[in-house]
Amino acid sequence: MSIKTVFILLSILLVTSCSTSKHSHGVKPHSQSLNGDWQFEIIPPTLIQLDNSQLDNSQLDNNQSVASGAVTAISVPNNWHNEGVDHAGKAIYHRQFTLPNVATSSSLTSSSMSLLAKRYWLDFTAVDYAAVVRLNNIDVGSHQGYFAPFSLDVSNAINGGDNQLEVLVDSPNEKLTQDWSLNKTLIKGVLNHHDTRPGGAWSDRGQERNSGGIWGDVALRTTGLVAIDNVKVKAEVLNVNLQKTAGQVAITLDSLYAGDVTLEFKLIRIQSNSSGDLALDDKKQVLESEIETYRLNTQVVTGKQVIHWQLPQVKRALWWPWDWGNPNLYQLSVQVSINGETSDVSKQNIGFRNVAFDEDEGVFYINDRAYFIRGTNYIASQWLGGVSEQDYADDIALMRQANINSIRVHAHVAGKAFYQQADKLGMIVWQDFPLQWGYSDSAEFRTEAVAQVKDMTDMLYNHASIAFWCGQNEPPWDATWMQYKYPSYTADKNLALTEAVYQQLLTVNDDRIVRKASYTAEHPWLGWYSGHYSDYSQKPKTAIVSEFGAQAMPSYSAVIDMLGEVPTWPLTNTVIKQLSYHNYQPRETLQIAKIDEGESLSQFVSNSQEYQRLITKSAIEQLRLNKGSGLAAIYQFMFNDSWNSITWSVLDVDRIAKPGFIAMQSAYQPLLAILERDRNNTNEPISITVINDSLLAYSDMKMLIKDNEDGDSWIMSGINIDANSSSIILNKQLLVGLPGAVTIILYDQQDNEVSRNDYLAQDR
């Protein structure tokens with residue numbers, strides 16, 4: 001059925017402020033969790049032959065036998081790998097639930113249809129990768145795509161009393177044909193092909209430990225005859241200084257009723273602060289003067305339709321990133337009623353802010369102010385079902401400790417709790433669509449990709465934290481290095497796919513920044529895949545640097561856990577192969593970075609970590625010197641290991657910090673004095689530039705340059721630093737006797753230390 005659009009004129013809008021309404025609740029929308037223990041059964045490939053590219057309701061016959069597999073208990077939500085199941089392919093999840101006798105919409109004749117009729121929906125937050133759902137031996141729907149929520153109307157299949165729910169989940173691996181990873185058909189991004197996965201990117205073992213399963217919440221939801229399918233709010237800032245805001249609201253309704261309905265909107269400011277504390281339910285924290293209520297009467301028809309409504313222009317608190325203010329949020333409640341009886345309610349958190357990006361000038365803006373992005377790339381886990389909301393909150397807290405203000409969700413869609421926490425904790429988010437390197441060029445695959453782009457943007461539309469949409473990471477047509485990896489590579493590979501995804505992102509029209517791709521040119525990787533880390537002193541060719549860094553081993557004990565035993569020294573080819581399965585890159589480590597292996601594994605670990613520390617500090621500082629000169633954003637790669645591995649992360653899988661984390665924390669200080677000097681000659685002139693990313697201006701500052709070898713020091717006073725600026729303090733001046741190891745300390749007007757930057761001798 002086509003979706004009909006109804007435009008609501010503001011003239012029919014009744015605006016009331018600081019008011020309350022009393023409603024009867026003949027239907028009372030309700031949600032019953034179906035999380036918990038389910039029965040799980042692996043389906044042997046010989047029993048059910050399904051096309052991996054698509055599932056539909058016809059693919060599971062009512063009489064299909066699945067009894068040959070062993071039935072075990074499994075927890076939902078979770079990936080089956082986290083539950084100890086190593087499987088790729090098909091499996092059946094099933095459970096029972098009980099429902100009291102009710103009057104469903106399907107049980108009523110047209111003459112007896114009343115407000116007592118209920119509709120029942122099965123809500124799935126996320127299933128990896130495809131699902132066919134059956135309730136009481138009746139097919140009720142299917143879905144494809146690992147990250148998107150979906151809802152199925154099961155009113156015609158549900159029973160009063162006991163109900164049997166079955167979900168056929170299919171999470172296959174790609175077929176291991178020649179150049180399979182250049183022609184992938186599953187839209188899973190880094191979760192089925194990447195150099196941080198088990199087995200790595202360039203091995204036939206790179207798809208092991210499959211991420212399949214029901215990894216999001218499952219619930220049975222009750223509504224009346226008119227259900228709210230989706231609410232999208234395009235929050236608008238009309239004047240930043242006056243905090244004048246408005247919003248365009250689109251409500252998608254799914255109705256079995258034709259006639260008059262009332263939509264009631266309530267907007268409540270959620271009390272928050274820059275530490276991210278929220279008070280959602282504490283009425284003492286909700287100011288009555290900041291409750292807005294609006295009501296409109298309209299008509300609906302049967303089927304799906306979109307109601308457009310304009311949130312009036314009002315002064316409201318703006319959403320700011322954590323380092324510039326409070327990430328103020330509002331909760332918008334939308335209630336649809338028939339003759340005073342509530343049919344459904346939906347609540348969304350929103351924030352009022354605007355973002356923009358001038359690529360020619362190399363400037364990113366938040367709320368009309370130039371804002372330099374100090375970012376990181378993030379993959380919480382290879383198995384997202386095991387990541388809790390608290391885990392996401394803890395990771396973002398660690399990022400804030402490291403002075404990070406933006407997160408690139410690298411080539412995947414995270415769990416919904418991540419975006420809630422990013423909104424709450426004031427993080428700017430760059431959101432990739434899950435296209436990592438190469439994919440099929442078929443028209444069918446492009447169609448599926450475009451459909452899943454819509455799923456992603458529908459799912460994440462209301463999150464204030466998201467500033468960027470990005471279509472594909474290093475598409476083959478852009479990543480010419482792939483010609484050396486794949487015999488079948490062509491220069492136009494995935495051109496049509498990238499463009500189709502980009503055009504779909506543009507249709508969202510939500511005033512976010514849309515990037516066609518994260519381009520290879522934005523990933524310099526100096527000192528790792530090519531060149532030397534000192535080359536970061538050259539001005540970048542792009543306005544965004546979205547990947548840079550170097551691998552570092554985790555702790556010695558973590559490496560031993562990978563191997564299962566203490567290896568002999570030097571490392572044998574067998575051990576190197578084991579470490580490579582855990583993402584170690586020997587060529588880059590030894591031939592390009594030239595890391596000294598030392599005389600033992602523990603020395604090798606230490607040397608590896610020291611090289612990452614050095615490159616992290618050097619790259620960030622040299623890149624930040626381009627603030628205001630054409631560089632808008634930098635994203636270190638990457639924040640944490642997504643499994644027990646050897647990657648570019650500064651935290652291991654248990655979030656234990658490597659020295660690179662401390663280096664990043666220092667180099668990402670909002671206020672930082674950066675030393676430039678000849679790496680090989682301490683008797684050459686030096687330059688010192690103070691980068692200030694904060695909104696604070698400093699007057700009459702003092703700068704201390706301390707000799708960490710002999711104890712000498714140099715002091716400069718009367719320094720003035722503008723807010724959000726780059727200021728050259730010393731320009732190619734000679735400080736006689738300045739050693740290799742120095743510390744630069746900045747003091748404010750009251751002699752409080754406000755920034756410290758330590759340089760070791762090797763940091764020249």
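User: What makes β26 and strand β32 (residues 633-636) a pair?

Analyst: This is a predicted model, and the pairing is computed from it. The criterion is at least two bridges between the strands. β26 and β32 have four bridges, in the parallel sense, so they count as paired. One of the positions involved is Thr376, whose bridge partner in β32 is Gln636.

User: Why is the stretch from β26 to β27 called right-handed?

Analyst: The unit consists of β26, helix α1 (residues 389-401) and β27. With the strands pointing away from the viewer, a right-handed crossover runs clockwise from the first strand over the helix to the second. The β-α-β unit is assigned as right-handed, which means that its path runs clockwise in that view.

User: How do you know that strand β26 (residues 373-378) is mostly covered?

Analyst: Buried means under 20% relative accessible area, and six of the six residues in β26 are buried. On one side these are Ile373, Gly375 and Asn377, and on the other Arg374, Thr376 and Tyr378. Both faces are therefore covered.

User: What is Tyr392 in contact with, leaving aside its neighbours within four places in sequence?

Analyst: Its contacts include Tyr378, Ala380, Leu384, Phe418 and Gln421. In the largest nonpolar core, of 93 residues, Tyr392 is among the residues that touch the most other members, as are Phe418, Phe433 and Phe548. Helix α8 (residues 601-624) gives the largest share of this core, nine residues.

User: What is known of a second core?

Analyst: The second core is separate and has 55 residues, including Val226, Val261, Ile428 and Ala543.

User: Why are β36 (713-721) and β39 (753-759) called edge strands?

Analyst: The open sheet has the order β36-β35-β38-β39, with antiparallel pairing. β36 and β39 each have a single partner strand, so one side of each is left without a neighbour in the sheet. The average twist is 15° from one strand to the next.

User: How many bridges join strand β38 (residues 742-747) to β39?

Analyst: Six bridges join them, and the two strands run antiparallel. Val742 stands opposite Tyr759 in β39. Six bridges meet the requirement of at least two, so β38 and β39 are a pair.

Definitions and conventions. Residues numbered from 1 in each chain as written. Predicted model: local features only at pLDDT ≥ 70, side-chain atom pairs only at ≥ 80, totals over all residues. Heavy atoms only, no water. Axes fitted to C-alpha atoms, helices over the stretch in contact; angles between N-to-C directions. Core = buried A, V, L, I, M, F, W, Y, C linked by side-chain atoms within 4.5 Å. Buried < 20%, exposed > 50% of the residue type's maximum accessible area, 1.4 Å probe, protein only. Contact = heavy atoms within 4.5 Å.
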